[in-house]
Amino acid sequence: MQETIKNLENNGFEVIEVATSKEAFEVAKEFIKDGQKIGLGGSTTVAQIGLLDYLSKLNNIELCNQYEEGISKEENLERRRQGILSDLYITSCNAITKDGCLVNVDGDGNRVAAQIFGPKKVLLIVGKNKLVESVEDGFARVRDIVAPLNIERMNKKAISMGKKPHYNQDNIANKFAYINGDREGRTTIILVNEELGF
């Protein structure tokens with residue numbers, strides 16, 4: 001893990017290593033400031049550590065929360081668009097390579113777009129299960145682990161809402177990103193020594 005951290009830092013990413021999801025939650029809270037516009041990328045990890053619930057209860061920020069119950073499809077899309085123009089964008093990453101690069105996949109592309117450009121600051125919370133040897137391994141992880149689990153999760157959610165399950169490899173994993181580095185100080189990765197998310 002230390003070699004990966006060093007390479008991430010060499011590529012312009014700030015890395016904060018923590019042992020547990022509880023620590024990750026506490027560190028993440030330090031990035032949240034009064035009056036910020038905060039965007040969200042689809043992330044099981046952010047929900048798992050309790051950060052999504054925490055953010056949704058704050059009244060001192062503008063949260064572009066596409067997960068709010070009862071909003072229309074149009075409002076969901078608009079909130080995702082607004083998230084790309086945020087002060088702080090919070091999400092996770094599908095894979096991090098040993099040489100310090102980020103590999104991601106997305107359905108609509110808002111999460112990968114925001115990691116590339118738009119938000120002033122990006123905060124990624126990433127479990128150790130996302131660490132891979134190479135870019136090829138990263139895309140293999142996306143194909144063999146991330147996409148199938150997300151398809152299952154999204155189809156179950158659709159069924160629970162009385163909708164027809166329609167997610168598959170063609171519509172949940174059709175926009176990919178490989179990020180070799182970032183402007184120094186823009187992206188912070190909280191690297192957690194636990195398995196989190198997909």
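**Contacts and the pocket**

Modeller: Start with Glu-23, which is found in helix α2. Helices here are DSSP runs of H or I with at least four residues, strands are runs of E with at least two, and both are numbered from the N terminus. This is a predicted model, so local features need pLDDT of at least 70, side-chain atom pairs count only at pLDDT 80 or more, and totals for chains, interfaces and linings use all residues. Residues are numbered from 1 along each chain as its sequence is written, and side-chain values use heavy atoms, with hydrogens and water left out.

Colleague: Is Glu-23 buried, exposed or partly exposed?

Modeller: Glu-23 is partly exposed, at 37% relative accessibility. Buried means under 20% relative accessible area, exposed over 50%, partly exposed in between (1.4 Å probe, protein chains only).

Colleague: Which backbone nitrogen lies 3.4 Å from a polar atom of the Glu-23 side chain?

Modeller: That of Ala-19.

Colleague: Salt bridges next. How many in the whole structure?

Modeller: Twelve. The criterion is a side-chain nitrogen of Lys or Arg within 4 Å of a carboxyl oxygen of Asp or Glu.

Colleague: What does Glu-26 pair with?

Modeller: Lys-29, at 3.3 Å, N to O. Both lie in helix α2 (residues 21-29), three residues apart, about one turn of the helix. Glu-26 is partly exposed at 38%, and Lys-29 is partly exposed at 24%.

Colleague: What about Lys-121, which residue does it bridge to?

Modeller: Glu-14, with the closest N and O atoms 4.0 Å apart. Lys-121 is in strand β7 (residues 121-127) and Glu-14 in strand β1 (residues 14-18), so the pair ties together parts that are 107 residues apart in sequence. Lys-121 is buried at 17%, whereas Glu-14 is partly exposed at 36%.

Colleague: And where do Lys-98 and Glu-133 sit?

Modeller: They form a salt bridge, closest N and O atoms 3.5 Å apart. Lys-98 is in the loop between β5 (95-97) and β6 (102-106), and Glu-133 in the loop between β8 (131-132) and α7 (135-160), so the pair ties together parts 35 residues apart in sequence. Glu-133 is exposed at 51%; Lys-98 is partly exposed at 30%.

Colleague: Which residues are linked in a network?

Modeller: Glu-68, Glu-75 and Arg-79, through salt bridges.

Colleague: Switching to rings. How many aromatic pairs?

Modeller: Two. In one of them, Phe-25 and Tyr-54 have ring centres 5.5 Å apart and planes at 90 degrees, so the pair is edge-to-face. Rings of Phe, Tyr and Trp (its six-membered ring) pair with centres within 6.5 Å; planes under 30 degrees apart are stacked, over 60 edge-to-face, the rest tilted. Phe-25 is buried at 16%, and Tyr-54 is partly exposed at 28%.

Colleague: Last topic. What is the volume of the largest pocket?

Modeller: About 1500 Å³. On a 1 Å grid over the protein atoms alone, a pocket is an open set of points where a 1.4 Å probe fits, with protein on both sides within 12 Å along at least five of seven lines; lining residues have an atom within 4 Å of a point. The volume is the space filled by probe spheres set on the points.

Colleague: Which element gives the most to the lining?

Modeller: α7, with seven residues.

Technical notes:
A polar contact is a pair of N or O atoms within 3.5 Å; within protein, one must be able to donate a hydrogen and the other to accept it, and residues adjacent in sequence count only if both atoms are side-chain atoms.
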